[in-house]
Amino acid sequence: DEPDTLLPRAPVVTVMGHVDHGKTSLLDAIRQTAVTDGEAGGITQHIGAYQVNSAGNTFTFIDTPGHAAFSDMRSRGANITDIVILVVAADDSVKEQTEDSIRCARDAGVPIVVAINKCDLETADPSKVKTELTQYEILTEDLGGDVLVEEISAKTQAGIPQLLEKVRMQADLMDLKANPSRDAVGVVVEAKLEKGLGTVATVLVQKGTLKVGDAFIAGEASGKVRALLGDDGKTRFDSAAPSMPIKVVGFTGVPAAGDLFIVAEDEQLAKELADNRQR
Ligand code: GTP
Ligand code: NA
Ligand code: MG
């Protein structure tokens with residue numbers, strides 16, 4: 001894309017960290033809803049994506065599972081993001097999947113903003129977290145480094161606006177832009193079969209604007225956009241701009257998480273390409 005076609009876009013922010021350190025709770029606090037209440041055993045088993053407006057800024061947030069079994073989802077989450085929020089519980093400090101999250105962010109070349117969570121607990125020791133992080137070459141701002149950090153409580157919501165401000169500061173350093181005027185290109189965040197709708201895939205639009213009626217190919221699947229739905233699965237959109245996560249209805253076949261999603265000339269051509277990939 002030519003430089004003069006590029007316009008500012010929202011940062012894509014992936015929340016990562018050890019199991020139960022409070023990633024989903026942090027997003028709940030940001031969204032003021034209650035996703036954790038509806039999860040089986042309170043364990044995130046998929047990647048959720050939402051867009052949030054706060055103090056005049058738009059952010060795209062991606063939740064990831066902290067459980068050891070979901071390392072591939074963490075690595076995928078890190079690869080489609082601009083910024084990683086590393087959540088570390090102040091009563092538990094750095095753990096195995098904290099390390100894995102740091103590794104994923106490094107491999108993807110993505111800057112980390114540290115959120116030290118559960119600071120409402122009496123056993124919280126945020127200084128210990130910061131000291132332990134130095135062993136991974138994460139030197140936070142208050143220790144003379146350049147990694148932004150905030151002490152928070154997802155439970156009491158303390159520090160949440162300040163954390164969002166740090167994320168915005170990090171994003172401002174990055175000059176994030178995309179061309180909204182071209183055919184859309186994105187990535188499949190997750191896909192599943194839904195009653196009455198067939199395959200529904202959450203697609204993160206990275207460039208261009210995705211519109212109802214667009215033909216597309218994604219991995220070994222293809223189709224034509226019949227509807228674009230919001231995170232609630234109900235709100236309908238006519239289009240989705242860069243950095244917007246959107247639920248796409250209209251698939252033939254099931255794409256895999258991580259598949260590139262590309263708008264095609266027409267549905268027939270997209271189907272032929274997808275059929276070829278299947279062989
Ligand atoms: P996984 O997705 O399974 O990796 O977990 P998670 O990191 O999303 O953690 P989750 O938000 O499910 O929270 C785990 C537990 O910690 C829940 O019981 C939350 O209520 C609790 N919790 C989260 N944040 C806080 C906090 O700031 N303070 C306190 N006291 N508890 C918290
Ligand atoms: Na959990
Ligand atoms: Mg979770």
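Student: Let's start with D232. Is D232 buried or exposed?

Tutor: Begin with the idea. D232 has 9 C-beta neighbours inside 10 Å, so D232 counts as exposed. Keep in mind that this is a predicted model.

Student: Where does D232 lie?

Tutor: Look between two strands. D232 is in the loop that links β13 (221-229) and β14 (236-237).

Student: How far is D232 from K247?

Tutor: Compare the chain with space. Along the chain, D232 and K247 are 15 residues apart.

Student: Now the whole protein. How many helices and strands does the protein have?

Tutor: Six helices and 17 strands.

Student: What does the radius of gyration tell me?

Tutor: Set the value beside the one for a compact globule. For 279 residues, that would be near 19 Å. The protein has 19 Å, so the two agree. The C-alpha atoms fill a box of roughly 60 × 45 × 35 Å along the principal axes.

Student: What share of the residues count as buried?

Tutor: Of the 279 residues, 48%.

Student: Which residues of α3 are buried?

Tutor: Q97, T98, S101, I102, C104 and A105. These residues cover an arc of only 160 degrees around the axis, which means they sit on the same side of α3. The face turned away from that side carries the exposed residues E96 and D107.

Student: What covers the buried residues of α3?

Tutor: The cover includes strands β2 (12-17), β5 (83-89) and β6 (112-117), along with helix α2 (71-79).

Student: Which residue follows α3?

Tutor: G109. Check its backbone angle: phi is positive, near 70 degrees.

Student: Last, the ligand. How many residues surround ligand 1?

Tutor: There are 22, and the closest are G22, T24, S25, T44 and G66. Helix α1 (residues 23-31) gives the largest share of this shell, three residues.

Student: What kinds of residue form the shell around ligand 1?

Tutor: Sort them by class. Twelve are polar, five are nonpolar and five are charged.

Methods
Residues are numbered from 1 along each chain as its sequence is written. Chains are lettered from A and ligands numbered from 1 in the order in which they are written. This is a predicted model: local features need pLDDT of at least 70, side-chain atom pairs count only at pLDDT 80 or more; totals for chains, interfaces and linings use all residues. A residue is near a molecule or strand if its C-beta atom, placed from the backbone, lies within 6 Å of it. Helices (H or I, at least four residues) and strands (E, at least two) are DSSP runs, numbered from the N terminus. Ala, Val, Leu, Ile, Met, Phe, Trp, Tyr, Cys and Pro count as nonpolar, Asp, Glu, Lys and Arg as charged, and the others, Gly among them, as polar. A residue is buried if 20 or more other C-beta atoms lie within 10 Å of its own, exposed if 12 or fewer, and partly exposed in between; C-beta atoms are placed from the backbone. The arc is that of the directions from the helix axis to the C-beta atoms. Two residues are in contact if their C-beta atoms, placed from the backbone, lie within 7 Å. The radius of gyration is taken over C-alpha atoms; the globule rule is 2.2 Å times the number of residues to the power 0.38.
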